[in-house]
Amino acid sequence: MKRRTDKMFIKDLVLQCIIGTRPLERKKKQKIIINIALECSLSRAGKSDSIGDTVNYDDLQRTIRGLASRSRFFLIERLADEIASICLRNKRVTGVIVSVDKPDAIPGAKSAAVEINR
């Protein structure tokens, strides 16, 4: 029998951070867009209706905002990996997919992006 996995999402979290390899990117914060899919069991919270039985997405987004505001990473790959590590610190999270979009990275393109699965 296949094990079911619940998912929780944070969609289109828009943040500003220093990220990139070019000298100009190292001076001015840029817009990035974060999407996160958390694999976690939500059945207990569905029954109890208690925040203590789930992943608190508000706490999670505040931690991610703090990371981004202090970040001076060169690569969006590194930022995505750090976000995944933050998510996986929660004992309820068994897996995570993180995407990071950098909208102004490539002229004429909607964005440059990475997606990682941990």
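Predicted model: local features only at pLDDT ≥ 70, side-chain atom pairs only at ≥ 80, totals over all residues.
Strands of a sheet pair through backbone hydrogen bonds, in either a parallel or an antiparallel manner. In this model, 4 strands form an open sheet in the order β1-β2-β3-β4, and their pairing is antiparallel. On average, neighbouring strands are turned by 15° against each other, direction ignored. The antiparallel pairing of β3 (residues 93-102) with β4 extends over 6 bridges, and D101 has A113 in β4 as its bridge partner.

Two helices are considered in relation to this sheet. Helix α2 (residues 57-70) packs on the sheet and touches β1 and β2 (30-40); the direction of α2 makes about 30° with that of β1. Helix α3 (residues 76-88) lies across β1, β2, β3 and β4 and runs at about 150° to β3.

Side chains of opposite charge can pair when their charged atoms come close. The model contains 7 salt bridges. One of them joins K102 to E25, with the closest N and O atoms 2.7 Å apart. Because K102 belongs to strand β3 and E25 to the loop between β1 and β2, this pair ties together parts that are 77 residues apart in sequence. Both residues of the pair, K102 and E25, are buried. Through shared partners, salt bridges join R22, E25 and K102 into one network.

A further salt bridge connects R118 and D81 (3.1 Å, N to O). R118 lies in the segment after β4 and D81 in helix α3, 37 residues apart. R118 is partly exposed at 44% relative accessibility, and D81 is partly exposed with a relative accessible area of 27%.

Definitions and conventions
Residues numbered from 1 in each chain as written. Heavy atoms only, no water. Pairing = 2+ DSSP bridges. Axes fitted to C-alpha atoms, helices over the stretch in contact; angles between N-to-C directions. Contact = heavy atoms within 4.5 Å. Salt bridge = Lys/Arg side-chain N within 4 Å of Asp/Glu carboxyl O. Buried < 20%, exposed > 50% of the residue type's maximum accessible area, 1.4 Å probe, protein only.
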